[in-house]
Amino acid sequence: MMQPHPNQDSEVKLSKSSGDRSTLRSLVGRLNEKMQRDTLIQKTTDELRDDLNVDRVVIYYFYRQWEGQVTYESFSDPERSIYGCTGPDECFNGEYAALYLGGRVRAIADIEVEPINDCHRDFLRSLGVRANLAVPILNPAELWGLLIAHHCQEVRSWSESDIDMMKKAAATLANSPTIRDS
């Protein structure tokens, strides 16, 4: 019976160890990329909230058809967090999605007087929102999600510069690896 070469066993261990290190490096690399993307997105939402002087900025991601949830948020009051919140299906459907896919920007100065459907009004009320600004995040020819600013304390007339800032931020996010590669 042949005996294994004395170095053969250590070569196998070294090879396995190198494979483990390679897997670990790959895992750490993916975690670092995710952390960098998350940091970029969080920084973007934080800066928008400050620049627009609003109570909350969220990213609403569509994970299936028009079902989605808040995946990122920046807020002035932690007790008003809506992270993970999902919108009612009947409030957002393919008809609305087509409008946003076409570049629609929805600026609502006062949810109590704007001509919006009751479902949407009730949903915004439940979040404590008084004024709402939503712009699409497009990946490249599909609606990935919405970038939304909430003003909760009072009525808010959204300026052209507010809208332009949100559109630029949405375009920047759309070109980030997080969104482009999803």
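The structure is a predicted model, and its mean pLDDT is 77, with 74% of the residues scoring at least 70. An open sheet of five antiparallel strands runs in the order S2-S1-S5-S4-S3, and helix H4 (residues 160-174) lies across four of these strands, namely S1, S3, S4 and S5. The largest nonpolar core holds 21 residues, and the structure contains seven salt bridges.

**Confidence**

- Strand S3 has the highest confidence in the chain, at a mean of 93, whereas helix H5 (residues 177-180) has the lowest, at a mean of 55.
- Over residues 1-16 the pLDDT stays under 50, and the model shows zero contacts beyond four places in sequence for this stretch.

- Two residues separate the strands in the hairpin of S1 and S2, where Gln65 adopts a positive phi near 45°.
- Strand S1 is also joined to S5 by six bridges, again in an antiparallel arrangement; here Arg56 stands opposite His150 in S5.

- Helix H4 runs at about 30° to S4 as it lies across S1 (56-64), S3, S4 and S5 (142-151).
- In soluble globular proteins, nonpolar side chains tend to be buried together.
- Within the largest core, the residues with the most contacts are Leu48, Ile59, Ile137, Leu147, Ala149, Trp158 and Met166.
- Helix H1 (6-52), strands S1, S4 and S5, and helix H4 each contribute at least two residues to this core. The largest share, six residues, is supplied by H4.
- Another core, of 18 residues, lies apart from this one and includes Ile108, Ile116, Phe123 and Val129.

- Ile137 belongs to strand S4. Its relative accessible area is 0%, so Ile137 is buried, the limit being under 20%.
- Although 36 residues separate Ile137 from Leu101 in sequence, their C-alpha atoms are 8.6 Å apart in space.
- Beyond its neighbours within four places in sequence, Leu147 contacts Leu48, Val57, Val58, Ile59, Leu133, Ala134, Val135, Ile137, Met166, Ala169, Ala170 and Leu173.

**Salt bridges**

- Side chains of opposite charge can pair when their charged atoms come close.
- In helix H1, Glu47 forms a salt bridge with Lys43, with the closest N and O atoms 3.8 Å apart. The two residues are four places apart in this helix, so about one helical turn separates them. Glu47 is partly exposed, at a relative accessible area of 41%.
- Asp122 forms a salt bridge with Arg125, and their closest N and O atoms are 3.1 Å apart. Because they are three residues apart in helix H3 (residues 118-126), about one helical turn separates them.
- Both members of that pair are partly exposed: Asp122 has a relative accessible area of 44%, and Arg125 stands at 41%.
- Glu112 is linked with Asp122 and Arg125 in a network of salt bridges.
- In helix H4, which also lies across the sheet strands S1, S3, S4 and S5, Asp164 and Lys168 are four residues apart, about one turn of the helix. Asp164 and Lys168 form a salt bridge whose closest N and O atoms are 3.2 Å apart.
- Within this pair, Asp164 is partly exposed at 36% relative accessibility, whereas Lys168 is exposed at 52%.

Key: Residues numbered from 1 in each chain as written. Predicted model: local features only at pLDDT ≥ 70, side-chain atom pairs only at ≥ 80, totals over all residues. Heavy atoms only, no water. Pairing = 2+ DSSP bridges. Contact = heavy atoms within 4.5 Å. Axes fitted to C-alpha atoms, helices over the stretch in contact; angles between N-to-C directions. pLDDT = per-residue confidence, 0-100. Buried < 20%, exposed > 50% of the residue type's maximum accessible area, 1.4 Å probe, protein only. Core = buried A, V, L, I, M, F, W, Y, C linked by side-chain atoms within 4.5 Å. Salt bridge = Lys/Arg side-chain N within 4 Å of Asp/Glu carboxyl O.
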